[in-house]
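This note sets out, point by point, what may be read from the model shown below. Please keep the sequence and the structure in view while reading.

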Amino acid sequence: MVMVEVGLVKCKPVHELSVCVAPMYGNQSSWLQITDFVEHNKLQGANFFYFYVGQISKYDERMLNEYVRTGDLEVVKLQDKYQRIFISWQFLQIQDCHLRSKYISKWTAFIDLDERLSTPSGNRIVDVLRSIDDPAVGEVQMQSMSIVKDEDYPKRFVNVKEMKKELIFEKYNKTVDPTWQGSKAIIKPEKESKRSR
């Protein structure tokens, strides 16, 4: 028998900032919300997304598949013969996404589809993360903004003019101000929690 010593090589992460999206369920139209979310977070410096999908429409699935084709995201299909309650999927998704992004992403944000993260300075999120020099920092909390909406999104794309009118942060900020609802975590997935040791 020949013994071979295997060493692990720590490589530079492929992605600087990945985003884990809370599980998607239901038959409401989400294609516009998906596009708005992905494109907004790309502008913030995110370069990869993990979408967790229970049930969505075929049209919404086509939108996600297009982003998969371009290499922007990975879709994780959720299947369960035990009919878990929704919050149970959220807990599983957080753990799963943490492990999927470990050693692949330098930073990983956990954001819901209807939320936006913001920095007090107005700088891009990735620029704030780049400014952190302390190697001991494993988590950053950022404010999360949500908007109350009272209508469904359009079922399909009609034209650019109509699409722009339906963007959530354009349409629903006229009468009710955006609300800051706590904070969301952005973690360095390679860091081990001291609590887990």
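1. A definition is needed at the outset: a disulfide is a pair of cysteine sulfur atoms within 2.5 Å. In general terms, it is a covalent bond between the sulfur atoms of two cysteines. The structure holds one disulfide.

2. On the basis of the note: this is a predicted model, in which local features need pLDDT of at least 70 and side-chain atom pairs count only at pLDDT 80 or more, while totals for chains, interfaces and linings use all residues. Residues are numbered from 1 along each chain as its sequence is written, and side-chain values use heavy atoms, with hydrogens and water left out.

3. The secondary structure of the protein consists of six helices and seven strands. Here helices (H or I, at least four residues) and strands (E, at least two) are DSSP runs, numbered from the N terminus. Read from the N terminus on, the order of elements is β-α-β-α-β-α-β-β-α-β-α-α-β. Of the 197 residues in the protein, 39% are buried. A residue is buried under 20% relative accessible area, exposed over 50%, and partly exposed in between (1.4 Å probe, protein chains only).

4. Strand β1 (residues 15-24) deserves attention, as nine of its 10 residues are buried. Two strands count as paired if DSSP finds at least two bridges between them. With strand β4 (residues 105-111), β1 pairs in the parallel sense over six bridges, and valine 19 stands opposite alanine 109 of β4. Strand β2 (residues 48-53) also runs parallel to β1, joined to it by five bridges; in this pairing, cysteine 20 stands opposite tyrosine 50.

5. How are β1, helix α1 and β2 arranged as a β-α-β unit? Together with helix α1 (residues 31-43), the strands β1 and β2 make a unit that is right-handed. The term means that, with the strands pointing away from the viewer, the path from the first strand over the helix to the second runs clockwise.

6. Which two cysteines form the disulfide? The partners are cysteine 20 and cysteine 97, with their sulfur atoms 1.8 Å apart. Cysteine 20 lies in strand β1 and cysteine 97 in helix α3 (residues 86-101), so the bond ties together parts that are 77 residues apart in sequence. The link is left-handed, with -85° about the S-S bond. Both cysteine 20 and cysteine 97 are buried.

7. Two cavities of 30 Å³ or more are found in a search of the whole structure. On a 1 Å grid over the protein atoms alone, a cavity is a set of points where a 1.4 Å probe fits but cannot get out, and lining residues have an atom within 4 Å of a point. The second largest cavity has a volume of about 40 Å³, a volume being the space filled by probe spheres set on the points, which are joined across faces, edges and corners.

8. The lining of the second largest cavity includes Leu17, Val19, Ala109 and Ile111. Also among its lining residues are Asn41, Gln44 and Ile186. At least two residues of this lining come from each of β1 and β4. By class, the lining holds eight nonpolar, two polar and no charged residues. For this count, Ala, Val, Leu, Ile, Met, Phe, Trp, Tyr, Cys and Pro are nonpolar, Asp, Glu, Lys and Arg are charged, and the others, Gly among them, are polar.

9. Tyrosine 103 may be examined next. Although not a glycine, tyrosine 103 has a positive phi of about 70°. Tyrosine 103 is located in the loop between α3 and β4. Is tyrosine 103 buried or partly exposed? At 49% relative accessibility, tyrosine 103 is partly exposed.

10. Another loop residue is proline 154, placed between β6 (139-146) and α5 (160-166). Its relative accessible area of 25% makes proline 154 partly exposed. Proline 154 and leucine 32 are 122 residues apart along the chain, and their C-alpha atoms are separated by 7.9 Å.

11. Two helix residues complete the note. Glutamate 61, in helix α2 (residues 58-69), is buried with a relative accessible area of 19%. Leucine 129, in helix α4 (residues 125-130), is buried with a relative accessible area of 2%.

Definitions and conventions
On a 1 Å grid over the protein atoms alone, a cavity is a set of points where a 1.4 Å probe fits but cannot get out, and a pocket is an open set with protein on both sides within 12 Å along at least five of seven lines; lining residues have an atom within 4 Å of a point.
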